[in-house]
Amino acid sequence: MPEHPEEWPTGVLESLKAFRQGDLVSDPPFAYHTDPRAPIWRESIRFADELRLADEPLLPDVIHFPVTVSPPYGLIITQTCDIVEEGANTPAWPWVQLVPVYDMSEVLNSGERKMLVDGRGWRRHLHVPNIASGFHVADFRISFPVEKGWLASQAPIDGFGTEELRERVGDRLASLAGRPAFAGSFVATVQKPLTDALRELKRQDPELFAEIDRLVPEVGVRLDSRLSPTTAQVVVICTEELPERHHQWWIDWLDRCRPDAFIAGITLQALDFKVLDESFSAAEYRSLTRLPLVTVSTE
């Protein structure tokens, strides 16, 4: 790494000031490391088959995305301050991370598209709304580093149009990387049953599911221990007072969880319904271990 900004290639640091987290670049490179002895992705399987046909040894290698699956855009997920490093005496971040962005208009149905437009749905996908044609979605399952010297030669594309929508990039990264670790007993008797119940509700009563999904952005939990819990209280965090029908759905769900939780050594306390208003203090909110519903989505 250059020790001083003056030692960086001419114009690179100045050009980087045009980029922000959430910007797109066109035709980004993507590659990954694979082991053809245990291929998973389609391209890995194709590569392994080629080696076998050529009677070549099955050795780990790097696969560069072929044209057929290469994304038209890459979404910058590196934090803006780490891209620009403005005023840094010794810039320390030589790379920027990209995730692929694909047009999925032919892949997703109307319901899936609506959920993604609303910032909900699969946590691995994020709608990128500010592209004129198609329905473009960022795929967070893979990221790829590009050197800042390459990025500086690209033209930034605003994929979101507003700062509010752009903030979804950072929020999604935080939810993916910051999910709390829970004991297997809690996951098996509370968290997974909630996911399963939401999936079943979506199949049986899509209207009620949509209402709950709209009015309950998060679920919190109070635990005496995340890794060895003996008591747990689920807190349903609402944007407004829930109708009685909604209350009853949550109560019925918790009642179904109680027997298995008790066997696992966890006592489930009564549900606590909290509305996001002045009566719900910031201190109380921060005291909860939160489960944003994107992490218990119907994926």
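Arg166 is buried (under 20% relative accessible area; exposed is over 50%, partly exposed in between, with a 1.4 Å probe and protein chains only), because its relative accessibility is 6%. Its salt-bridge partner is Asp158, with the closest N and O atoms 3.1 Å apart. This is a predicted model: local features need pLDDT of at least 70, side-chain atom pairs count only at pLDDT 80 or more, and totals for chains, interfaces and linings use all residues. Residues are numbered from 1 along each chain as its sequence is written, and side-chain values use heavy atoms, leaving out hydrogens and water.

**Salt bridges**
- A salt bridge is a side-chain nitrogen of Lys or Arg within 4 Å of a carboxyl oxygen of Asp or Glu.
- By this rule there are 21 salt bridges.
- Asp158 counts as partly exposed, because its relative accessibility is 30%.
- Arg245 and Asp205 pair at 2.3 Å, N to O.
- That pair links distant parts of the chain, 40 residues apart: Arg245 sits in helix α9, and Asp205 in the loop between α7 (184-204) and α8 (206-215).
- Helices (H or I, at least four residues) and strands (E, at least two) are DSSP runs, numbered from the N terminus.
- Arg245 is partly exposed, with a relative accessible area of 43%.

**Negative patch**
- Glu240, Glu241, Asp277 and Glu278 form a surface patch of negative charge.
- Patch residues have over 30% relative accessible area and no salt bridge; like charges are joined within 9 Å, nonpolar side chains (Val, Leu, Ile, Met, Phe, Trp, Tyr) within 5 Å.
- Glu241 lies in the loop between β11 (231-238) and α9 (244-263).
- Glu241 is exposed, because its relative accessibility is 61%.

Key: Accessible areas come from the Shrake-Rupley method with a 1.4 Å probe; for residues, only the protein chains shown count as cover. Lys and Arg count as positive and Asp and Glu as negative; His and the chain ends are not counted. The place of a charge is taken as NZ of Lys, CZ of Arg, CG of Asp or CD of Glu.
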